[in-house]
Amino acid sequence: MIEQLLPLAGFAFASSVTPGPNNIMVMASGAHFGVARTLPHIAGIWFGFSSMMVLAGLGFAQLVNDNPGVHMVMKAVAVAFVVFIAWKIARAGPIDAKAGDTVRPMKPHEAALFQAVNPKAWSMALAAMSLFLVADADSVSQTVTIVVMFSLCGLPCTLLWCAMGRMMAGIFRSPEKAAIANGAMALLLIVTVIPMIV
């Protein structure tokens, strides 16, 4: 496993830094609520994703690969939910200081549960386990290594997307600019799942 650490780190970084549902949603949250209020969302992502990777490493990846029907159902549910999230982002409107508690960032448990229907997260988890689990070796220790590497590489990437959103916050105070920016992020969110479903 040691000789695979560098390729694993490269795979984890490339998978985590590229656009996907989590990154687009975190960027939108960073723009609307700031980095500090988005941290629980980010914590939920990484708890949920880490749990998913443990499941994949301990046999779920094989179950999905052996049952194409399960894979198709997972894809259909994932796409439907991502389209719903994109619709909500598109309709978010401008930042309104008077909105108070009527709008809020995603809570940790919501972000964790979202991973169950996140097609990019499933693709990353299944691909990582298929590529880096070595047969005839301790699957538990290998899974832990992969999860730790994804956390080390992925968390800074997610924070970067959140910070980019925060830098764009000024755009979201104008109703006209916010409509364009929210629409663009919603479209980008849908575009990110197309490679996973094709």
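This is a predicted model: local features need pLDDT of at least 70, side-chain atom pairs count only at pLDDT 80 or more; totals for chains, interfaces and linings use all residues.
The protein chain contains eight helices and zero strands. Read along the sequence, its pattern is α-α-α-α-α-α-α-α. The chain has 198 residues, and 42% of them count as buried. Contacts between residues at least 6 apart in sequence were also examined. Of these, 84% join residues at least 24 apart.

Packed helices are considered next. Two packed helices are described by the angle between their axes and the distance between the axes. Helix H1 covers residues 5–17, and its axis lies 11 Å from that of H6. The angle between H1 and H6 is about 170°. Angles over 145 degrees count as roughly antiparallel, and H1 and H6 are therefore roughly antiparallel to each other. On the H1 side, the contact is formed by Pro7, Leu8, Phe11, Ser15 and Ser16. On the H6 side, the residues are Lys120, Met124, Ala127, Ala128, Leu131 and Phe132. By class, the contact of H1 with H6 has eight nonpolar residues, two polar and one charged.

Ser15 belongs to helix H1. Its relative accessible area is 11%. Buried means under 20%, so Ser15 is buried. Beyond its neighbours within four places in sequence, Ser15 contacts Lys120, Met124 and Phe150. Lys120 and Met124 are also among the H6 residues that meet H1.

Ala121 lies in helix H6, which spans residues 119–132. At 1% relative accessibility, Ala121 counts as buried. Ala121 and Ser15 are 106 residues apart along the chain, yet their C-alpha atoms are separated by 9.1 Å. With residues up to four places away in sequence left out, Ala121 touches Phe49, Met52 and Gln115.

The crossing of H2 and H7 is right-handed. H2 contributes Asn23, Ile24, Val26, Met27, Gly30 and Ala31 to the contact. H7 contributes Thr158, Trp161, Cys162, Met164, Gly165 and Arg166. Sorted by class, the contact of H2 with H7 comprises seven nonpolar, four polar and one charged residues.

Charged pairs were searched for across the whole structure, and one salt bridge was found. Arg104 pairs with Glu110 in a salt bridge. The closest N and O atoms of Arg104 and Glu110 are 2.9 Å apart, where the cut-off for a salt bridge is 4 Å. Arg104 has a relative accessible area of 39%, and Glu110 has 27% relative accessibility. Ser15 and Ala121, in contrast, are buried.

Methods. Residues are numbered from 1 along each chain as its sequence is written. Side-chain values use heavy atoms; hydrogens and water are left out. A crossing is left-handed if the near helix is turned anticlockwise from the far one by less than a right angle, and right-handed if clockwise. Helices (H or I, at least four residues) and strands (E, at least two) are DSSP runs, numbered from the N terminus. Contact means heavy atoms within 4.5 Å. Ala, Val, Leu, Ile, Met, Phe, Trp, Tyr, Cys and Pro count as nonpolar, Asp, Glu, Lys and Arg as charged, and the others, Gly among them, as polar. A salt bridge is a side-chain nitrogen of Lys or Arg within 4 Å of a carboxyl oxygen of Asp or Glu. Buried means under 20% relative accessible area, exposed over 50%, partly exposed in between (1.4 Å probe, protein chains only). Axes are lines fitted to C-alpha atoms, for helices over the stretch in contact, and angles run from 0 to 180 degrees between N-to-C directions. Angles under 35 degrees count as roughly parallel, over 145 as roughly antiparallel, 65 to 115 as roughly perpendicular and the rest as oblique.
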